[in-house]
Amino acid sequence: MTPISSATAPLEPGYSPDWSNTIRLFVQNMDSRTIVIMARPYDTLGELLGRFAGVGHRSNLHAVFDGRQLPPKAPIGELRLPPDALLHLTPYPEAWSLASQIAAAATAQRLVSAETAEFFRNFFGNDRQRMPRLVRYLGIPHGAPQDVVVAEASRMLVSRDTVLLVRKFLDSASTVHQRQAPHHAEMMGEYLDVLLQSGVIGLLVRLYLSNSRKYHNRGKSAILSFLIPDGRLPLHLEVWSAPVFLQLCRMIASGSTHGKNDPIYRDCRGKLANLFSLHGWLTLPEPELPREWLIEQLIPLAQETADEFILYMGQGTWVPPVFEFRVFFSVLCRKVRVPCAADSSPDGRAGAALSLTAMSLLTSVSGFMASLDSSDRDSTPSSKHQQDAAVDRIWVVLGALDSWSETHAQFAAAMRDTLMAHVAYFNALVLGTSAGRSRQDDMARIVSKHRDILGVEARRHFSKAMLPELDADLSPLDMERPLEVLIYRSRLLSESFWYIYSATRDELHAGLDVEFVNEEAIGDGVTREWVTLVCRALFDPQQGLFSPCPHNRRRFFLNPALAHKIQVGVLFDRTLFSRLSGRPITLEDIADADPSMYSSCRKILEMDPDLIDSNALGLTFAREVGAFGSREVIELLPGGRDVPVDSKNRGQYIDLLIQDLFANSTKDQLNHFAEGFRFMLVRPELQRAFFHSLDLEDLDQMLGGRMSTIDVQEWKENTTYRGYSEQDDQINWFWKAVASMTAEEQRRLLFFWTSVEYLPFDGFGGSELCMQISKASSKTPDHLPSSRTCMYRLNLPCYTSFDMTLSRLRMIAQEHVSTSFGEI
């Protein structure tokens with residue numbers, strides 16, 4: 001970088017150029033490459049610039065020397081350039097002019113400009129109230145000591161001219177961008193690069209590090225003006241100032257007596273991390289910085305923040321720069337393609353540095369996990385806030401390490417071994433993570449990748465965090481109103497479709513408020529009943545919407561009950577589960593969906609190769625489909641009807657056949673179905689992570705509930721009483737009657753009582769049912785029981801015998817009665 005020099009000294013009187021000598025000039029282009037040009041004194045600057053345009057350089061460039069734009073029509077000999085002058089080519093001469101003014105103001109011997117002096121005179125004036133006015137302007141707290149006021153006033157006095165010019169530079173950058181290239185954000189990078197090429201940033205750092213208080217204050221105030229631009233640059237333009245802060249970090253860290261503990265260095269490093277993160281948060285374009293240069297600049301920052309993190313994990317005495325560590329490490333992981341410790345290239349050096357840093361972090365995480373494994377988990381931080389913060393920091397480290405493991409197989413194995421060595425804590429970590437944190441990309445990626453070492457509870461906890469019901473930290477004013485649904489039972493499916501189709505995503509996430517026409521019952525119980533009845537209708541084979549698997553007629557497609565924690569006895573087909581999760585469908589996946597096809601394919605794969613090669617089966621890479629009395633040939637690959645199946649390609653044939661039967665033939669329907677499922681998630685883009693975190697059996701438990709018969713003893717143990725005691729005859733007769741009922745009758749009674757037809761996998765004890773039997777005080781003994789399903793309460797009349805109790809409960813267990821709620 002060439003610093004801006006002082007203004008060129010005026011020429012002596014009577015000066016005339018020597019037209020006979022050749023003039024040597026150094027010309028620096030926008031890419032910082034310097035070219036030596038030999039020019040004749042009578043050559044014009046425009047002719048000189050024409051040479052650059054003729055060899056592919058931009059044609060709108062201006063030549064700048066010492067911050068002033070040189071006239072293109074003037075002969076070189078009349079420009080008063082010193083020998084071996086360095087010219088800068090730029091499309092932004094005003095930027096170079098302002099940079100020169102910043103340098104001049106920062107290094108000026110005089111204390112302040114006339115403008116600033118007048119500014120302060122307006123504050124002081126001739127009255128005695130001058131100091132309070134100055135205090136208010138500077139934002140100094142009322143009642144501050146006199147020496148503080150004087151110090152702040154002095155700092156502002158000597159730095160105001162430089163600060164105003166920095167702000168003018170930023171305003172000019174924004175204005176030029178809006179005027180010349182509003183759709184090309186990279187122009188901002190070129191404009192701000194003038195600060196580096198001119199040497200202004202280096203000059204300001206040197207002033208900041210100087211022993212002179214005047215120059216120190218000027219340098220500090222100017223740097224702070226870049227750190228806090230006061231909205232002069234919109235966010236999508238501010239990201240292009242990253243190179244400025246990279247140089248600030250490098251120069252301050254190497255020159256300050258405080259090293260990397262210098263407060264301005266810390267501020268610049270934090271600002272740099274914010275800039276690199278903006279393109280990810282706001283979908284802004286990432287600055288197109290030279291990759292090798294960026295790697296070299298970021299390696300020390302990534303190592304430094306990682307070392308601070310390791311120190312924290314070992315001592316736990318201070319809060320590390322979590323955000324900065326994550327940003328610098330992730331940017332480097334993206335930039336380094338093929339790490340190699342022995343390579344001398346930037347990739348190789350970065351790879352070696354990142355590998356050492358990653359191993360240090362992994363060792364630290366391992367030790368931290370071991371200490372938690374060996375201690376009582378109740379002794380973790382007492383406050384919920386502290387615990388959440390500790391959990392979040394662990395995920396930050398694991399997320400960064402996982403990013404590195406994606407390009408480094410050896411480290412991936414080491415990370416896997418560490419998680420397996422502390423599998424109990426890894427499960428506890430997942431279970432102890434909030435729903436909001438679970439939806440972060442890094443956690444979703446790690447859980448999906450290592451789901452096989454997680455228990456069922458941890459996997460289900462993570463998957464449920466994807467659902468909107470767990471996003472419950474909003475105040476009533478911020479929450480959407482539930483979707484109000486009013487349904488005729490006779491038109492259950494058609495009207496339900498209309499309501500769901502018309503609803504917005506936010507309305508569905510806010511919940512449902514369902515009522516049936518001409519019925520008084522309201523509340524959560526009615527909603528549970530509606531979900532169950534709709535699912536029954538959807539998966540009724542007579543509807544033709546879904547087909548049951550031949551070997552298990554409870555196994556269908558996914559339904560909308562998952563978000564409401566309602567088990568409806570419907571299971572997922574493995575082929576659909578694989579497709580929604582982005583996994584390829586294998587032969588084993590179709591065993592339940594199409595046993596006949598599965599058996600045929602297995603036989604083809606197991607046949608003697610000679611028999612297959614003899615074309616005895618007459619198979620080609622095509623299949624026939626019959627529809628409405630006609631036959632259609634579908635080729636599994638281009639020209640497939642002419643490609644015979646043999647022993648070498650039979651595996652490919654089976655794969656293509658399965659793909660065509662279970663993916664291609666229902667592709668459009670699946671796309672709509674998948675879109676509906678994404679619509680249900682809090683973060684639709686994490687649909688794949690939702691499925692990757694689960695086994696099919698996990699989803700079976702979440703959707704289908706407990707498959708076995710109801711355990712009456714467990715039911716009894718998880719029921720409380722109101723108006724009755726456990727020893728009353730009516731209660732003893734009730735449970736004896738329930739035990740004597742068939743499994744189907746028990747399930748209908750449970751549904752009448754709670755609107756829950758299938759229990760969760762962990763049964764009554766792990767559910768949120770809170771069952772209760774209440775004495776129906778106003779009923780005569782010949783009445784039927786009634787229920788308040790929203791409260792899981794059964795109102796039981798005082799029956800006078802076991803036979804009466806059994807007969808009334810069996811009447812309730814009839815299908816047309818068990819789906820009617822309220823007082824009966």
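How do the residues of the lining of the largest cavity divide into nonpolar, polar and charged?

Tutor: The model before us is predicted, and what follows should be read with that in mind. The lining of the largest cavity divides into eight nonpolar residues, one polar residue and two charged residues. Those residues are Leu170, Leu192, Leu195, Phe226, Pro229, Leu233, Glu238, Ser241, Val244, Phe245 and Lys271. The volume of the largest cavity is about 70 Å³, and the count of cavities of 30 Å³ or more comes to four.

Two packed helices are described by the angle between their axes and the distance between the axes. For helix H2 (residues 93–107) and helix H6 (residues 186–197), the axes come within 9 Å and cross at roughly 35 degrees. The crossing in which H2 passes H6 is right-handed. On the H2 side, the residues that meet H6 are Glu94, Ala95, Trp96, Leu98 and Ala99, and their counterparts in H6 are Tyr191, Val194 and Gln197. This contact of H2 with H6 has six nonpolar residues, one polar residue and one charged residue.

We may now turn to the sheets. Strand S1 (residues 23–28) runs antiparallel to S2, and six bridges join the two. Within this pair, Phe26 stands opposite Val36 in S2.

Another open sheet is formed by four strands in the order S12-S13-S15-S14, again with mixed pairing. Its edges are strand S12 (719–722) and strand S14 (786–788); each has a single partner strand, so one side of each is left without a neighbour in the sheet. On average, neighbouring strands of this sheet are turned by 25 degrees against each other, direction ignored. Strand S13 (residues 771–775) and strand S15 (residues 793–796) run parallel and are joined by four bridges. The bridge partner of Lys775 is Leu796 in S15. Helix H33 (residues 743–754) lies across S12, S13, S14 and S15, and runs at about 75 degrees to S13.

Note on methods: Residues numbered from 1 in each chain as written. Predicted model: local features only at pLDDT ≥ 70, side-chain atom pairs only at ≥ 80, totals over all residues. Heavy atoms only, no water. Axes fitted to C-alpha atoms, helices over the stretch in contact; angles between N-to-C directions. Left-handed = near helix turned anticlockwise from the far one by under 90°. Contact = heavy atoms within 4.5 Å. Nonpolar A, V, L, I, M, F, W, Y, C, P; charged D, E, K, R; others polar. 1 Å grid on protein atoms, 1.4 Å probe; cavity = no way out; pocket = protein on both sides within 12 Å on 5 of 7 lines; lining within 4 Å. Points joined across faces, edges and corners; volume = space filled by probe spheres on them. Pairing = 2+ DSSP bridges.
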